[in-house]
Amino acid sequence: PLLALPVLQEYCDLYFKRFNVSYPLLHQATFEPASVDPLLLISVLLLGATYDTKESHLVAVCIHDTLRAQIFGNPVGAANYSARGVLW
């Protein structure tokens, strides 16, 4: 039930209501979940889930930890993503 479509929509809404207000990274009016990169979508959903119930928050943290390890542990992912950004 924590990953049912209506619940995922709530996580997306929570992202824009709670997170994006402080850190305006995405333009809500043009954000189209069906057409964005899957990694961006899961990031939005996980951030939104952290603002929901304690159970949702814990699931989001667990998924995040697993995905992070897989992205940085994968040779292709490691080449494309870095835990440290380049400083100007």
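**Entry 1: leucine 41**

I looked up the accessibility of leucine 41 and found 21% relative accessibility, so leucine 41 counts as partly exposed. The classes I use are buried for under 20% relative accessible area, exposed for over 50%, and partly exposed in between, with a 1.4 Å probe and protein chains only. I work on a predicted model, in which local features need pLDDT of at least 70, side-chain atom pairs count only at pLDDT 80 or more, and totals for chains, interfaces and linings use all residues. Residues are numbered from 1 along each chain as its sequence is written, and side-chain values use heavy atoms, with hydrogens and water left out.

Leucine 41 belongs to helix α2. I take helices (H or I, at least four residues) and strands (E, at least two) as DSSP runs, numbered from the N terminus. I then listed the partners of leucine 41: apart from neighbours within four places in sequence, leucine 41 is in contact with Phe31, Pro33 and Val36. Contact here means heavy atoms within 4.5 Å. I also checked the C-alpha to C-alpha distance from leucine 41 to cysteine 12, which is 8.7 Å for a separation of 29 residues in sequence.

**Entry 2: the chain as a whole**

I counted 4 helices and 0 strands in the chain, in the order α-α-α-α along the sequence. The chain has 88 residues, of which 20% count as buried. Taking contacts between residues at least 6 apart in sequence, I noted that 41% join residues at least 24 apart.

**Entry 3: helices α1 and α2**

At what angle do α1 and α2 pack? I found about 75° between helix α1 (residues 5-22) and helix α2 (residues 38-49), with the axes 7 Å apart. That angle makes α1 roughly perpendicular to α2. Axes are lines fitted to C-alpha atoms, for helices over the stretch in contact, and angles run from 0 to 180 degrees between N-to-C directions. Angles under 35 degrees count as roughly parallel, over 145 as roughly antiparallel, 65 to 115 as roughly perpendicular and the rest as oblique.

On the α1 side I listed Leu8, Tyr11, Cys12, Leu14, Tyr15 and Phe19, which meet Val44, Leu45, Leu47, Gly48 and Ala49 in α2. By class, this contact of α1 with α2 holds 10 nonpolar, 1 polar and no charged residues. The nonpolar class is Ala, Val, Leu, Ile, Met, Phe, Trp, Tyr, Cys and Pro, the charged class Asp, Glu, Lys and Arg, and the others, Gly among them, are polar.

**Entry 4: asparagine 20**

I traced its side chain to the backbone oxygen of leucine 26, at 2.8 Å. Beyond neighbours within four places in sequence, asparagine 20 is in contact with Tyr15, Leu25 and Leu26.

**Entry 5: cysteines**

I checked for disulfides, taken as pairs of cysteine sulfur atoms within 2.5 Å, and the count is 0. Cysteine 12 is buried at 7% relative accessibility, whereas cysteine 62 is partly exposed at 48% relative accessible area.

**Entry 6: leucine 3 and serine 56**

Leucine 3 lies in the segment before α1 and is exposed, with a relative accessible area of 57%. Serine 56 lies in helix α3 (residues 54-73) and is buried, at 2%. I recorded 9.2 Å between the C-alpha atoms of leucine 3 and serine 56, which are 53 residues apart along the chain.

The side chain of serine 56 makes a polar contact of 3.1 Å with the side chain of aspartate 52, and another polar contact of 3.1 Å links the side chains of serine 56 and threonine 53. I define a polar contact as a pair of N or O atoms within 3.5 Å; within protein, one must be able to donate a hydrogen and the other to accept it, and residues adjacent in sequence count only if both atoms are side-chain atoms.
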